[in-house]
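Here are my notes after a look through the model. Have it open alongside as you read.

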Amino acid sequence: MAPTPTHFLPEPVIHNILAFLPPKDAIRASASSKQWRSAWISSPVVSFDESSVPFKGPDFFDYANRSLELWLHRCHDDRFTMETLSLCADLVDEQSFSRFVQLVAVATTKRNFKVIELRSCSEDFWVLFNCASLWSLLFESKSLEVLRLKSFGILMAGSLVTTCSLKELIVSCSCIDDNSLKNLLSCFPLLENLVLEYCFGFSELRVSCPELRTMKVSYYDCSAPNVAIEAKNLRSFVYIRSLNTPGGISFLNCKLLTSLQIERVDFGPPDAIDEYISQIPLLENLAILDSGLTGTGSFQISHSNLKSLKIQDCWGLSKAEINTPNLCFFKYGGSIFQLSTFRYCSSGLLKAEVEVATGSLEWTQWFWFINLRNFLESFTKCKALTVHCYLQGFPEELEDHCLLPDPLYEVKHLNITNRKLPTAGYARLVGAMIELFPCVETLFLKTGFAKIFIEFGEDRSFSLNWQETINISDSDEHNRIFQSISEAIDDIVKWLSWTGKDTPNRTGDLHPHTVI
């Protein structure tokens, strides 16, 4: 029989194909040829998911056992070290949990797995993961490197034998109390990556893992835990709380930490943030997201090593003092009207991104623009500035150039996102921005219907490219908007050409509907 195209597929490609097939179909595919049989036997992933097959309850476990036994029978060479064992079942009672454990036992005693994923898809999911035999199966595996547990109620009355092979532990959507969490973490002395994602039930988290490098905690409960981390090799830490309740974080001997993200935290006093980062001398990346500042509504950050800083959606912020001389990237998202004081000091800033919330726009748009300009003055030393704003239009008052504020000459590259800007306001916005940043070399405007890119030469000649991004099925409406964009582009070119009439070498090159 002549070879088919599948005969020429490399074994890793066949592995990927089999990974997307249900186990039953993968077994059938393995019978199609010796090549596919060999690839199925050496496939690095064994997966059974009750939520994706028509077999439920005892029938699912019967089906999984038969498939697994057939696979083990064909794969009689125990030299294979498998990549992943993934099991997901509806664990509604002790019987289903017992069969779940038996399935894990059959797989792990016959083969060595690097990654084991265990998940309960029960709506109740209050199953106590307290089976000593199952823990023993997991911990005695010499090759296990990654363990993922999802949607379990975890109870560990005492500590178990430690395992030195596990490098990554991910526990998500699970209930675990303080004692069980302590006992669980004590089993993995060489743990490098730890993720507790939307877990609850514990009030204190103490982590003492000398090899830990990355850690993420997403907490979901009415009271946030106190977190104490002692990990001399920790490089990255992410802390997210779903509710804004008090809770402390302390770093003990985490001098190598370079990346810190804190989300939905109420910091309290103005020097609290500075106190956090003062414990981390090598910190390079700091993100403070969706957090509160009670009391004075102010904060201060002073750090000589910080390279990237993000402050976004921090409510109650009225005063900010930032002293980061080596900062290269700064991103701010939020309101500028509430900021009575914004002091920023950095000699190395290269990029800045500002996402401005307009709120109800109780002020006139003209006054809002003046406030925006005064806020952007803090970033005059940056080379690339990105501004996201959501004005419905642009103030006609600014057509009178006498009302424009003093220009900012240092910015060379400007990106503006304004998805709600009507096409009639394109030219006014571009004109005002060029007046505000007269030495800009590139200007990129992204709206709800178009992307416009303008590049200026040394002699201030310019080229303009644009692309429509209209996502409307009605052809008449699409054509109408396209025509209005074309007219707006013509207005921009006319404005740029008019402002350059005293500069003989200025030229305007329009490339309509060019993909940028």
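**Notes on the sheet, a helix residue and the rings**

1. Five bridges join E17 to strand E19 (residues 319-323), and the two run parallel. For the terms: strands (E, at least two residues) and helices (H or I, at least four) are DSSP runs numbered from the N terminus, and two strands pair if DSSP finds at least two bridges between them.

2. Before going further, a caveat: this is a predicted model, in which local features need pLDDT of at least 70 and side-chain atom pairs count only at pLDDT 80 or more, while totals for chains, interfaces and linings use all residues. Residues are numbered from 1 along each chain as its sequence is written, and side-chain values use heavy atoms, with hydrogens and water left out.

3. Back to the sheet. It is open, with three strands in the order E17-E19-E21 and parallel pairing. Strand E17 (298-302) and strand E21 (341-345) are at the edges with a single partner strand each, so one side of each has no neighbour in the sheet.

4. Next, Ala39, which is found in helix H3 (residues 34-41). Ala39 is buried, at a relative accessible area of 1% (buried means under 20%, exposed over 50%, partly exposed in between, with a 1.4 Å probe and protein chains only). Leaving aside residues up to four places away in sequence, Ala39 touches Glu11, Ile14, His15 and Leu18, where contact means heavy atoms within 4.5 Å. His15 is 24 residues from Ala39 along the chain, yet their C-alpha atoms are separated by 6.5 Å.

5. On to the rings: there are eight aromatic pairs (rings of Phe, Tyr and Trp, the last by its six-membered ring, with centres within 6.5 Å; planes under 30 degrees apart are stacked, over 60 edge-to-face, the rest tilted). Phe60 and Phe61 make an edge-to-face pair, because their centres are 5.4 Å apart and their planes are at 65°.

6. What about Phe100 and Phe152? Their ring centres are 6.4 Å apart with the planes at 50°, so this pair is tilted. Phe100 lies in helix H5 (residues 94-110) and Phe152 in the loop between strand E5 (146-150) and strand E6 (153-154), so the pair ties together parts 52 residues apart in sequence. Phe100 and Phe152 are both buried.
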